[in-house]
Amino acid sequence: MMQNSLKKKATARSVPRTKHAGAPAAKFDPRLLDAEKFLLPTYKRQPVILTHGRGAHVFDATGKKYLDFLGGIAVNALGHAHPRIVKTIRREAARAIHLSNLYHNAFQGPLARKLATWSGLDRVFFANSGTEAIDGALKLARLFGRKPEEAPGTPAKKYRFLTMENSFHGRTFGAISVTATEKYRLPFAPVVPGAEFVRFNDVADLESKFDDTVCAILLETIQGEGGIYPVSELFWNRARALTQQHGALLIADEIQCGLGRTGRFFVYQKFSSKPDIALVAKPLAAGLPLGAILTSEAVGAKVSPGMHGTTFGGGPLACAVALEFLKIIEDEKLLENIRARGTELREGLAKLVAQFDFIREIRGEGLMIGIELSIDGAPFVAEAMQRGLLINCTHDFTLRFLPPFNITRAQVREFLRLFELVLATTPRQASASDSAKSANPARVAHAAAR
């Protein structure tokens, strides 16, 4: 009886919301039963099984083709099955998938050197994910803030983290403790103490909450899950000045926006100063799990063996692939492509503003772009998928586009054609009132900073 119930539920999810002319009837895939029965329900997954990808496209179990403008949420920065990545994985998987961090492997050192060169920082620690990199950075900030006369185990005088409203930094306990969005944090309270939230891009609020107990300011240089909001130069400069004056650290979370996504190696490189710590992950190993903490020599000097560690972080396979990924960006001149295709994408989207009065704003840089709507964005995501386009909606009202770095001019045109059709045909649904939306702290701060 339970199996019949699950099948009905899964089958109902498998039926498209809108059936287009010529579309085949939906066919139930029994593998969805296993997912419904055995997986923790942590995601609202779309009722399709994606099986493989090629370039900027992915395919599902029925053979349907999708233009992928989500990229595994900024992970598949070279699209799918890039020949050089596939070759590297095949070669290194036959040599060594895992070697303990009690020994050196052939790729950690060269990858650390490359990341130091790109970032302008000095030392690197490899983790498994972005959220683990966040947790490691919080530990480094507390460690750096502790004075020699403060005995280990006693409360540190510099212990507070100033982090941003509208932020998202990950799912581990440390990461949710510095994540402002309440739906991620509050169900697990009490969280790690010491975090206080600052209105994003609000210099006065930052100054009012900063004192000598602050060990670090943590911010996303472009807020991703929060709706694609870039940090302003004014706010960055003030945060940098406060931390330098008071012996605290400035931590840049570039897990989603870094490593070329905006047409620069790192977003902070458009400013005149760099952070003490930069965090990267998502695209680093082209789909394999790998994150990294990049930091200065001054911070690194506080670390000694045993203070931090990882079993899987920095394994030979992942590091070999990451090194190849960074070389491909350089060899294929992908930063130039990101800037060119990003300009074409924004220009095409700007033309749609006059056609659709529910578009509020276009934000972002390079190939990290969000379109904020005045109505609920979820129906547009569903309609896009039915038409063979993968996008997503973040913060309820912002449609997010994260295409691969090697996207072509023709594929940008294909996207704009499909997206215009999605905007024109999706039924508009009632959503939050304009007054409620205008209370969004991220929008208020963003508007004030411009």
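Is Asn105 buried or exposed, and at what relative accessibility? Asn105 counts as buried because its relative accessibility is 13%. Here, buried means under 20% relative accessible area, exposed means over 50%, and partly exposed lies in between (1.4 Å probe, protein chains only).

The model is predicted: local features need pLDDT of at least 70, side-chain atom pairs count only at pLDDT 80 or more, and totals for chains, interfaces and linings use all residues. Residues are numbered from 1 along each chain as its sequence is written, and side-chain values use heavy atoms, with hydrogens and water left out.

Asn105 sits in the loop between helix H4 (83-93) and helix H5 (108-119). Helices (H or I, at least four residues) and strands (E, at least two) are DSSP runs, numbered from the N terminus. The Asn105 side chain reaches the backbone nitrogen of Gln108 at 3.0 Å. The Asn105 side chain also reaches the backbone oxygen of Gly314, at 3.0 Å. Leaving aside residues up to four places away in sequence, Asn105 touches Leu99, Gly314, Gly315 and Pro316. Contact means heavy atoms within 4.5 Å.

Strand S13 covers residues 359-365. Six of its seven residues are buried, so S13 is largely enclosed by the rest of the structure. Six bridges join S13 to strand S14 (residues 368-373), and the two run antiparallel. Two strands pair if DSSP finds at least two bridges between them. Gly364 has Ile369 of S14 as its bridge partner. S13 and S14 form a hairpin with two residues between them. In the turn, Gly366 has a positive phi of about 55°.

Positive phi values also occur in residues other than glycine. Ala74 has a phi near 75°. Ala74 is placed in helix H3 (residues 71-74). With 1% relative accessibility, Ala74 counts as buried. Asn201 has a positive phi of about 70°. Asn201 is found in the loop between S6 and helix H9 (203-209). Asn201 is buried, at 7% relative accessible area.

A cis peptide bond joins Ala189 and Pro190, with omega about 0°. Pro190 lies in the loop between helix H8 (182-185) and strand S6 (195-198).

Phe173 belongs to helix H7 (residues 173-177). Phe173 counts as partly exposed because its relative accessibility is 45%.

Conventions
A polar contact is a pair of N or O atoms within 3.5 Å; within protein, one must be able to donate a hydrogen and the other to accept it, and residues adjacent in sequence count only if both atoms are side-chain atoms.
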